[in-house]
Amino acid sequence: MTTRDGIRLDADVYRPSGKGPWPVLLLRQGYGRRVAAAVCYAHPRWYADQGYVVVVQDVRGRGTSEGVFRTLEQEAEDGADTIAWCASLPDTTGTVGMYGFSFQGMNQLLAATLAGPELKAIAPAMIGWDLRGELVEEGGVPQLAGAIGWAAQVGADTARHQGDEAAWLDLRAAAQNPPCNSPVPLRPEPLVRHARYNHLLRWSEAEADDPLWQAIAPMAHAETLAARALPMLFIGGWHDFTLAGTLAGWRAMEATGLAWLDLGPWPHIPWGRHVGGQDYGPDAVSDVDRHQVAWFDHWLKGKPLDRSRVRLFDMGTRTWRSADRLGGSARTLFLSGTGRVSIDAATGKLLDRPGATGSEVIVHDPWRPAPSVGGRMGNPPGPVDRRAIDERGDIATFTTAPLDQPLTLSGWIGARLHLSSDSAHFDIHAVLSQVTASGAVLPFAEGHTRIAGATGVVPVDLDLKATCITLAPGESLRLSLAGAAFPAFAVNPGTGEGTDATAFSARVITLVVHHGEDHPSSLVIECLD
């Protein structure tokens, strides 16, 4: 097909056997159309066998399509043009649905802002919503390994499309082993050298009011998307680094009454039963394909849809739960300790009411920053046993007593910590874990934020996103706090410098966590009764 500005885009078209007409399912692929997102979904041949014409397209500047790729900048216009073209294909009903995850999920939302009435439903999976606050930073803290790795991957493919083998080799190496220890950590040398092929510097330097985000962030088009009243099935993973974006997109569209949500136990890829060394059982094997077909059968073929608004995988019982919403009853747990929590993990407690007034000290040393382990942001992600990490002297842990009855967390998680520091600029990273009866410490939620210009004791709110997990009798809940999570996040130099900060300038930072009646540092969880 040809876009409105004369660029040829190439696609593979898979057709059902038999006589049509058939609705169209469109997957706009940023990594080569023959990949066909088969790392997570059934091959398009299977979807065609379910009675759909399936179009898998190389977006602009990818595969054999013409043009120059600029990450997400062309997807609204090109996507709308492609939807109109799909609706005109022979033996089709003129109606279109879209599916795909990550880049392929975000480009659905952007296309929907300009698409005509032919677009009837979308199924965006594992997406960024405001992008800057989910893929560039979190809580004001620049992301490092993941952001570098993805930008290098995208840049390598752009270099290949432009015939630059030397740049492709350089960027491929950076994608496979992200260079997080450059002299200026947020200016990794291979990506600076090949800046014309990747988005890292442009995105990291763009402030919140930069027109870039207005163009490419789905959040900037929330009103337009809501006004379309377009059915949307959001799909995400509890251990996926884009969980925040998936949740934010679903929440923004929930008021339309046409937003559904499925959250499995998965990382970004793959969507299977084994995650982070744990076996989530047969129910965790992805059945997204069949759920998507039932979804599209309803909106594109008029068949009944028999499912709840929200489907959540319970990582404790290893089963799916159905609900009308995400959330439960709020419960507050208070941090307590003896002053030696960072040395003796057994002395840090989570209590139902504030304990004695006290404080815990965490010394963050940039020479050996606390590592990112498992969870959404670690590599590998998922419930990787972090018990040895929690024994480090730069991590403070607070744990409930072993439970005497099951406890189901289902909903939003947050923490309010009362902190002081010898630096006005510092970070705090929080991890919530399940402590099994055998002593394994399995992370399932986390949050990170940056504080600038602080004096004295300051209240700091952390967003740990959401979860669904049932803890069994004999298990415990643990909150772990540190001043870093490297290499997932850039280390705070403690100087107030921005993206130009060098590793050489980073300083030791002493953090103090205050607790008790005067400074009731706490964790808030939502639980099912």
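Is Thr-158 buried or exposed?

Thr-158 is buried, at a relative accessible area of 4% (buried is under 20%, exposed over 50%, partly exposed in between, with a 1.4 Å probe and protein chains only). You'll find Thr-158 in helix 5, residues 145-161 (helices are DSSP runs of H or I, at least four residues, and strands are runs of E, at least two, numbered from the N terminus). Leaving out residues up to four places away in sequence, Thr-158 touches Arg-62, Phe-69 and Tyr-197 (contact means heavy atoms within 4.5 Å).

## What the model is

This is a predicted model, where local features need pLDDT of at least 70, side-chain atom pairs count only at pLDDT 80 or more, and totals for chains, interfaces and linings use all residues. Numbering starts from 1 along each chain as its sequence is written, and side-chain values use heavy atoms, with hydrogens and water left out.

## The nonpolar cores

The largest nonpolar core holds 98 residues, and Trp-203, Leu-432 and Leu-481 have the most contacts inside it (a core is a set of buried Ala, Val, Leu, Ile, Met, Phe, Trp, Tyr and Cys residues joined through side-chain atoms within 4.5 Å). Strand 21 (residues 458-471) supplies the largest share of this core, eight residues. Apart from it lies another core of 29 residues, including Ala-42 and Leu-258.

Now for Trp-203. Setting aside neighbours within four places in sequence, Trp-203 has contacts that include Leu-72, Trp-150, Trp-213 and Ile-216.
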